Amino acid sequence: MLPANITVSLIVVVIAFALFFYMSFKGVNLFLTVFACTFLVCLCTSDGISSIFTSFLPTVGTMFQQFLLLYTIGGAFGFCLMESGLGSAIAVHLIRVFGEKWIAVVLFVITSLMMAAGVGSYQYAVLAISLPVLKRLNMPRKVALAAMSAGAGSVAYGILIGMPNALNIAPTSYLNTTTMAGPVISLVCTAFAVVFIVGYLQWLTRRCKEKGEGFVSYADDPVPEKEESQLPAAWKGYVCVAAIIGLSLLFQALGINSLQATVYAQALSIALLVLLVGRTFLEHPFQTCVRGIQGSILPVVFISIVVGYGSVVQKTPVFTWLVERVLSMDLHPYILTLVAVALLSGMTANGTGGVTLFMNTFGSSIMSNTAINLGAVHRIAAIAGCSFDSLPHNGAIAFQLSVFKLSYKEGYFQQFMMSVVTPLLCGVLAVILAMVLY
């Protein structure tokens, strides 16, 4: 029999999660949804309603401070890319080279490359490139959202070796591994993921056509209405996107942390873009940057308040109890790693947090077990970390939807398929490979 405080908090948290999902999918304002669920969960924390001030608001402030420059400057770059016509130029070129059939796959590859380079504001560059494509081909925004989620939430997040992100780095401090750990498992799972993703994106594209779903424009979409002959050269757009990736990697190689490196790369890429297109294609670059910054502030607030909600959930008695139960499961180490990290990542809405919690408890015992391959554990943990962390209460999920102007009802299923189902399938495959190979 569970203690009363755990039982009550379990009921409250389940109701809050159900309410969050219901209100989100019904299209209720995200601010109202988060605040209602946060208020409910606060009732079963040790601080009570005061948790809004002791947990929620401090977390919101920390997240907003951490990501403000990254996303606002990224928004400025995205708007410059679109309003200069470079986004349209890239779109026209992509359609000409790859054809309508493969556009979603191309967007998936572009996102993966940006994630690999540590470009945290990839959403805006993908938006800049995809909107003209979607409009030209009359395809719904959820196609591009699915492609972006596939690149950012699975392959280049935790499945592929060598990725310089926090999720892939987290196990190294506990297992003495490197970001290249588990190469065989990683490459096999990456190949599987790519095949699954490409197949799904192709199916989604056909399905949308069959159902007659088309592109929906909004008044504040910064897509220029220009004829193809009036667009700048597409290569200039590719150079600007490549500049963000290349400069970000260069700055990281020089010892600058990934967040600062990406911000610097974005700022320099904006300057490069203005230089390449001139006043002919971007008459008022300063005003365009201002519009991009203003347009990205609200999404930054969205991601901050959703993470704030998650911080309050972590203060409940049931959260501590669930963490203890998950970490005490008597399973094979590889299976335990997959199950525990996935569940912990879901509870914290953060893959890195799930990996860290697991390693804090089992890191030393795993290190002392000579029968366990540490590289395999590292890779399984990284793959599991990018699965349930993409449930609706993840701030990044809300941010992606807001950037593409989609509701949870309109777009979350695509995110779920690409960022939850794909990593879970790869996680099962990784466990099987680990048990066979090691």
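## Packing of H2 against H3

In this predicted model, the axes of helix H2 (residues 30-42) and helix H3 come within 11 Å and cross at roughly 130 degrees. Axes here are lines fitted to C-alpha atoms, for helices over the stretch in contact, with angles running from 0 to 180 degrees between N-to-C directions. H2 therefore counts as oblique to H3, since angles under 35 degrees are roughly parallel, over 145 roughly antiparallel, 65 to 115 roughly perpendicular and the rest oblique. Helices are DSSP runs (H or I, at least four residues), numbered from the N terminus.

Contact (heavy atoms within 4.5 Å) is made by Val34, Phe35, Thr38, Phe39 and Cys42 of H2 with Ser51, Ile52 and Phe56 of H3.

## Bend in H3

Helix H3 spans residues 51-83 and bends by about 50 degrees at Phe67. The bend is the angle between axes fitted to the seven residues ending at a residue and the seven starting there. Just after H3, Gly85 has a positive phi of about 95 degrees.

Ile6 belongs to helix H1 (residues 4-25). Ile6 is buried because its relative accessibility is 11%; the cut-offs are under 20% for buried, over 50% for exposed and partly exposed in between (1.4 Å probe, protein chains only). Apart from neighbours within four places in sequence, Ile6 contacts Pro317, Val318 and Trp321. The C-alpha atoms of Ile6 and Leu322 are 9.6 Å apart, with 316 residues separating the two along the chain.

## Basis of the values

Residues are numbered from 1 along each chain as its sequence is written, and side-chain values use heavy atoms, leaving out hydrogens and water. Local features need pLDDT of at least 70 and side-chain atom pairs count only at pLDDT 80 or more, while totals for chains, interfaces and linings use all residues.

Terms used. Helices (H or I, at least four residues) and strands (E, at least two) are DSSP runs, numbered from the N terminus.
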